[in-house]
Amino acid sequence: MGLNLEEIKTKKKLTFIGLGLGQILSLLCTCNVFTSSELARKGYNVPTTQSFLTYTLLAIVYGGIVLYRRPTIKGKWYHYFFLALADVEGNFLVVKANQYTSITSVMLLDCWAIPCVLVLTWVFLKTRYRLMKISGVVICILGVIMVVFSDVHAGSRAGGSNPVKGDILVVAGATLYAVSNTTEEFLVKNANTVELMTFMGFFGAIISAIQICIFERGELRAIDWSAEGAILFLRFAVSMFLFYSLLPVLLKTSGSAMFTLSLLTSDMWAVLIRIFAYHEKVDWLYYLAFATTAIGLIIYSVKEKDEEDQKDEQRKLLDEEGRVSLIATSTGEP
């Protein structure tokens, strides 16, 4: 019984770690959005170049570890290539969408990644989602919808130059995010984090470099570089490096669905930054939205661990019954 209690405590601890780590990743994501916004305001409209620096840093740091250790490569190179391709293009499409549609539409349509992740993990990773998990997802989405209504209520919605084109780009980018998250969950559970980060950085840097040559050569030539701009690029690269380094830990312990849900609170973190860093006033509905999304995350994660506890108990009971039957057979007892 003591062992069971210890196992339950360990699982509960993993639940809180997953929730906390998810919010750290969400906060890092929010900081990256603000950094990208600052770069855009200063005329640095080169999103793929920003990603290139991050992927290069991943390849150098984790690639150096791989070269030092010289381990056996467990994953297939083409899995890492398609993972990097989905990640690079997902980032590119969502950033590009901001030029055509409103930030409210981007926030709402970005939630498309959630059902995509649920379907992909159910089909390919054989993850089963019961009623309480689905309820947690629905509550999280409800929190984001509250943010959207708050923007509309506050009059912050802007139509954009081409809303239909922008919305299509967001949906496509969110789908690629779902593919990337699911693939990364599969690889981190079947290979290892260092290998994953090395090849994701390597292929991501190559794909980004090719894309820069095709789409961003003119923008790079037109940029009036400054020390402040260079610092912003470096800040973005370092924060994204931390984001990608911590992400496999959450994927391994809680899965890609938990990660995708955790990112829903990035909009709420953005509100807090606007309040305390930029001294802006926000609608009261934001606070209710943050609380709603947090409740949804807790329901999802706690229920997920409870189901695992039940499965463990069922396995133990079956093992005990098997041992009892074996002993009875060997001793000739009925």
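## A cluster of rings

Let's start with the aromatics: Trp77, Tyr78, Tyr80, Phe81, Phe82, Phe199, Phe202 and Phe203 are linked into a cluster by ring pairs. Rings of Phe, Tyr and Trp (its six-membered ring) pair if their centres lie within 6.5 Å; planes under 30 degrees apart count as stacked, over 60 as edge-to-face and the rest as tilted. What you're looking at is a predicted model, where local features need pLDDT of at least 70 and side-chain atom pairs count only at pLDDT 80 or more, while totals for chains, interfaces and linings use all residues. Residues are numbered from 1 along each chain as its sequence is written, and side-chain values use heavy atoms, with hydrogens and water left out.

The structure has 14 aromatic pairs. In one of them, Phe199 and Phe203 have ring centres 6.3 Å apart and planes at 25°, so this pair is stacked. Both sit in helix 8, four residues apart, which is about one turn of the helix. Phe203 has 12% relative accessibility, so it counts as buried (under 20% relative accessible area; exposed is over 50%, partly exposed in between, with a 1.4 Å probe and protein chains only). Phe243 and Tyr244 make an edge-to-face pair, because their ring centres are 5.8 Å apart and their planes stand at 85°. Phe243 and Tyr244 are both buried.

## The overall build

The protein has 13 helices and zero strands. Helices (H or I, at least four residues) and strands (E, at least two) are DSSP runs, numbered from the N terminus. Of the 334 residues, 44% are buried.

## Inside the core

Tyr244 turns up again here: along with Leu261, Tyr244 has the most contacts inside the largest nonpolar core, a group of 47 residues. Such a core is a set of buried Ala, Val, Leu, Ile, Met, Phe, Trp, Tyr and Cys residues joined through side-chain atoms within 4.5 Å. Helix 10 (residues 227–254) gives the most to this core, with eight residues.

And Leu261? Leaving aside residues up to four places away in sequence, Leu261 touches Ile114, Val137, Cys140, Leu297 and Tyr300, where contact means heavy atoms within 4.5 Å.

## Back to helix 8

Helix 8 (residues 193–215) also holds Ile206. With 39% relative accessibility, Ile206 counts as partly exposed.
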